[in-house]
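Dear colleague,

Please find below the structure that I am handing over to you.

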Amino acid sequence: MKIAVLGAGAWGTTVGQVMADAGNDIVMWGIEPVIIDDINHNHRNTKRLPSVEQLPASMTATTDRKQAVTGAEIVVIAIAAQAAREALAAFRELIEPQTIVVSLMKGLERSTGKRMDEVVCEALGLDADRFVALSGPNLSKEVAAREPSATVIASANQEAAMKVAQACVTPYFHPFVSHDVIGLEYCGSLKNVVALAVGMARGAGFGENTAAMLETRGLAELTALGEAAGADPRTFSGLAGVGDLIATCGSPLSRNYTFGANLGRGMNVAQATQASNGVAEGVPTTAAVVALGKRLGVETPLACAMAKVLDEGISCEQMLAELFATGITVE
Ligand SMILES: NC(=O)C1=CN([C@@H]2O[C@H](COP(=O)(O)OP(=O)(O)OC[C@H]3O[C@@H](n4cnc5c(N)ncnc54)[C@H](OP(=O)(O)O)[C@@H]3O)[C@@H](O)[C@H]2O)C=CC1
Ligand SMILES: O=C(CO)COP(=O)(O)O
């Protein structure tokens with residue numbers, strides 16, 4: 001079947017390759033003609049996914065929105081989260097009524113605090129039963145190298161989730177399906193904030209104990225927030241929760257981890273942004289998590305500490321001290 005991927009970044013291109021390997025015809029859409037030409041003429045995305053030397057022949061690309069989505073049974077969205085609402089508005093009248101829309105994005109909209117399922121459905125005028133979220137421990141470079149990986153595909157509509165799962169199952173990429181869209185969205189977005197903190201601790205020279213402390217306290221924080229927002233707590237101990245936390249907080253392939261590591265090594269936010277090879281979604285999402293915690297009455301010490309790093313430039317030691325500012329509590 002024809003599948004359109006909106007956003008020819010590292011992850012959109014990688015998922016395009018997965019779905020091409022699963023037997024589909026992929027049309028990538030992007031705004032940068034240089035990237036589109038590279039995919040069409042060289043079967044490469046040298047700018048965003050340089051590690052892949054040859055993309056499948058069944059992947060083509062266009063800057064033409066209508067051409068991209070016309071006749072597509074599935075439209076996949078892999079645009080930087082803060083740009084999604086505006087970018088999708090131009091597709092509202094173009095996506096056909098039976099098309100299933102899949103979000104790969106892991107972030108909260110900073111200006112509204114909304115999840116990507118909310119942003120996508122609002123921007124496209126989509127009913128929830130046509131929306132599917134895909135999230136898991138999926139560092140793009142490893143998936144692009146066809147290393148074994150698994151992911152979670154969630155929708156209120158299990159038929160839609162199964163259709164997307166079938167469209168991306170390959171010998172190296174294994175999808176699981178779930179009902180819990182809210183849980184999946186919070187897992188993917190909130191683990192990026194934790195990865196910033198773990199990266200920062202690593203960059204400052206701290207070892208396994210500090211990383212484990214941040215990961216487990218981060219998991220407790222994102223589970224409490226997700227539960228308060230209506231997610232299934234089991235999602236947080238699965239692939240999209242603990243699984244993605246392990247992958248993202250443990251790898252320099254993660255842009256969020258690397259952004260944090262650069263802060264820990266002494267860069268300021270502007271320098272770390274300049275050095276980042278792609279979007280570090282945790283940066284704008286941190287403020288949204290702090291606001292969400294206040295709204296839901298859930299304490300978010302880790303997100304609050306990271307917000308002080310990003311807004312006030314506090315050091316790693318100060319960030320760690322902030323976590324324990326309330327004194328000794330029950331775990
Ligand atoms: N990389 C990974 O390992 C994974 C990433 N994700 C998530 O997927 C999403 C995309 O990430 P990824 O592809 O890696 O990021 P990249 O930084 O590589 O790409 C971001 C994409 O967003 C596009 N974009 C940005 N602003 C606009 C705009 N105003 N209009 C249209 N397109 C725009 C960029 O276009 P351009 O290239 O022209 O600038 C680019 O295609 C993120 O939410 C990320 O958290 C999820 C799992 C794994
Ligand atoms: O979500 C990811 C891995 O699952 C990728 O993380 P980064 O966006 O930090 O690179």
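A salt bridge is taken here as a side-chain nitrogen of Lys or Arg within 4 Å of a carboxyl oxygen of Asp or Glu. Please note that the model is a predicted one. By that rule, 1 salt bridge is found across the interface of domain 1 and domain 2. Its partners are K106 and D244, whose closest N and O atoms are 2.7 Å apart.

The two domains

The protein chain divides into domain 1, residues 2-179, and domain 2, residues 189-323. Taken over C-alpha atoms, the centres of the two domains are separated by 25 Å. Domain 1 contributes 22 residues to the contact, and domain 2 contributes 20 residues.

How much area do domain 1 and domain 2 bury between them? The figure is about 1,700 Å², with 64% of it on carbon and sulfur atoms. Within domain 1, the residues that lose the most area to domain 2 are K106, L108 and L139, which together account for 34% of what that side buries.

Polar contacts between domain 1 and domain 2 amount to 5 residue pairs, counted with both residues at pLDDT 80 or more. On the side of domain 1 that touches domain 2, the elements giving two or more residues are α4 (81-89), α6 (140-144) and β7 (149-154). Of these, β7 gives the most, with 3 residues. The residues on that side of domain 1 comprise 9 nonpolar, 7 polar and 6 charged.

Salt bridges and the aromatic pair

For the structure as a whole, the salt-bridge count comes to 13. One of them joins E109 to R85, with the closest N and O atoms 2.8 Å apart. Because E109 lies in the loop between β5 and α5 (116-124) and R85 in helix α4, this pair ties together parts that are 24 residues apart in sequence.

The structure also holds 1 aromatic pair. The ring centres of W29 and F91 are 5.0 Å apart and their planes stand at 85 degrees; the pair is therefore edge-to-face, given that planes over 60 degrees apart count as such. W29 belongs to strand β2 (residues 25-29), whereas F91 is in the loop between α4 and β5 (100-103), so the pair ties together parts that are 62 residues apart in sequence.

Yours sincerely

How values were computed: Residues numbered from 1 in each chain as written. Chains lettered and ligands numbered in written order. Predicted model: local features only at pLDDT ≥ 70, side-chain atom pairs only at ≥ 80, totals over all residues. Heavy atoms only, no water. Domains from an automatic or database assignment. Contact = heavy atoms within 4.5 Å. Buried area = accessible area lost by both parts, 1.4 Å probe. Polar contact = N/O pair within 3.5 Å; in protein donor to acceptor, adjacent residues only side chain to side chain. Helix = DSSP H or I, 4+ residues; strand = E, 2+ residues; numbered from the N terminus. Nonpolar A, V, L, I, M, F, W, Y, C, P; charged D, E, K, R; others polar. Phe/Tyr/Trp six-rings, centres within 6.5 Å; stacked < 30°, edge-to-face > 60°.
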